[in-house]
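Subject: Structure handover

Hello,

Here is the structure you asked for. My notes on it follow below.

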Amino acid sequence: LPSLHHGATAVLQRVFEPDETTRLIARHGVTAMLGVPATYLALLASEVFRRADLRRTRFSCGGAPCPRTIVEAFHERGLLFQQGYGLTETAPTCLLIPAADAFRKAGSVGKAAIHVEVRVVDDDGRDVPADGIGEVWTRGPNLFSGYWQRPDATAEAFSDGWFKTGDLARIDAEGFIYIVDRKKDMIISGGENIYPAEVEDVLFRHPAIADVAVIGVPHEKWGEVPKAIVVTRPGARLAAPDVIAFCEGKLARYKIPRSVAFADVLPRNAAGKVLKRVLRDGGS
């Protein structure tokens, strides 16, 4: 909407294709692009994208936790890469990292957007201390009025005017917020909290891994343990023990996947988010 208000040109694709996207950015002199992590993973794998001069373009990412490897890859190329955060219910932007802090605070989705208030709270609705982890709550004129014909769901989603996002985050001493994971995706293993996005961030650094998702699976002793579903890069050879060994020394032992499965592709919705429910149900 800001682009349309400003009179900017919007370049649309019916289907995302990384090589064609790169050519369109160059052809139209695109100055701002918004994508999800899956979009940027595909672009980084494109030889056309790697050769293109895109220094005038500002790349923004949201929709799902962004692996640090993506941020670092853009930084190495001298391309501005900003992370943000929001939901359909917040129309959509809620948090945004300022351009000046994009790489100094790599991994952060920034601070509250204009007109928006944001808190990170514990289970009792109290603000967490610096570096504490809690749920993101927000309020402002950007919020939706409620779920269509679902007054029960609407009432459950709000607390004294604050919308409870269902996302877990850490807030640092400077007030920058880092999304940890979806609350419903958190794995509780032997009483310890495991955030799949943290494990995925480590696995994305493996040179043979193109895509990965971590889910919790039942375990007789620990309740549940992490399992990694891995998509390998074309031509790469990788076995489950290799994946597990790669995590050694990079994660606490209880966070290391106990099992690994391989897939040709991860199930995603139209917005590019991995459908972990499908993976937990045994689908692919």
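Lys 183 and Glu 135 form a salt bridge through their side chains, with 3.4 Å from N to O; the term stands for a side-chain nitrogen of Lys or Arg within 4 Å of a carboxyl oxygen of Asp or Glu. Lys 183 sits in the loop between β10 (177-182) and β11 (187-189), and Glu 135 in strand β7 (residues 133-139), so the bridge ties together parts that are 48 residues apart in sequence. Helices (H or I, at least four residues) and strands (E, at least two) are DSSP runs, numbered from the N terminus. Lys 183 is partly exposed at 36% relative accessible area, while Glu 135 is buried at 11%. Here buried means under 20% relative accessible area, exposed over 50%, and partly exposed in between, with a 1.4 Å probe and protein chains only.

Before going on, note that this is a predicted model: local features need pLDDT of at least 70, side-chain atom pairs count only at pLDDT 80 or more, and totals for chains, interfaces and linings use all residues. Residues are numbered from 1 along each chain as its sequence is written, and side-chain values use heavy atoms, with hydrogens and water left out.

Other salt bridges

The count of salt bridges comes to 23. One of them joins the side chains of Lys 255 and Glu 198, at 3.1 Å from N to O. Lys 255 is in the loop between α8 (240-247) and β15 (259-262) and Glu 198 is in helix α7 (residues 196-203), so this pair links parts that are 57 residues apart in sequence. Lys 255 is buried at 14% relative accessibility; Glu 198 is partly exposed at 32%. Salt bridges with shared partners also join Asp 101, Arg 104, Lys 105, Asp 172 and Glu 174 into one network.

Glu 20 and Arg 23 form a salt bridge too, at 3.4 Å from N to O. Both belong to helix α2 (residues 18-28), where being three residues apart puts about one helical turn between them. Glu 20 is partly exposed at 27% relative accessibility, and Arg 23 is partly exposed at 39%.

Arg 23 comes up again with Ala 52: their C-alpha atoms are 8.4 Å apart, although 29 residues separate them along the chain. Ala 52 is in the loop between α4 (47-51) and β2 (58-61) and is buried, at 18% relative accessible area. Neighbours within four places in sequence aside, Ala 52 is in contact (heavy atoms within 4.5 Å) with Thr 22 and Arg 77.

The three-stranded sheet

Three strands make an open sheet in the order β13-β14-β15, with mixed pairing; two strands pair if DSSP finds at least two bridges between them. β13 (209-219) and β15 are the edge strands, each with a single partner, so one side of each has no neighbour in the sheet. Neighbouring strands here are turned by 25° against each other on average, direction ignored. A hairpin of three residues joins β13 to β14, and β13 pairs with strand β14 (residues 223-232) in the antiparallel sense over ten bridges. Within this pairing, Ile 209 stands opposite Thr 232 and Pro 218 opposite Glu 224.

Is β13 enclosed or open? Eight of its eleven residues are buried, so β13 is largely enclosed by the rest of the structure. Helix α7 lies across β13 and β14 and runs at about 145° to β13. Such angles run from 0 to 180 degrees between N-to-C directions, and the axes are lines fitted to C-alpha atoms, for helices over the stretch in contact.

Nonpolar cores

A nonpolar core is a set of buried Ala, Val, Leu, Ile, Met, Phe, Trp, Tyr and Cys residues joined through side-chain atoms within 4.5 Å. The largest one has 38 residues, and those with the most contacts inside it are Tyr 40, Phe 59, Phe 74, Phe 81 and Leu 203. At least two residues each come from α3, β2, α5 (68-76), α7, β13, β14 and α8. α3 gives the most, with four residues.

Helix α3 (residues 37-44) is mostly covered, with six of its eight residues buried; among them are Tyr 40, Leu 41, Leu 43 and Leu 44. Leu 203, leaving out residues up to four places away in sequence, touches residues including Ile 209, Val 212, Ala 228, Val 243 and Phe 246.

Regards
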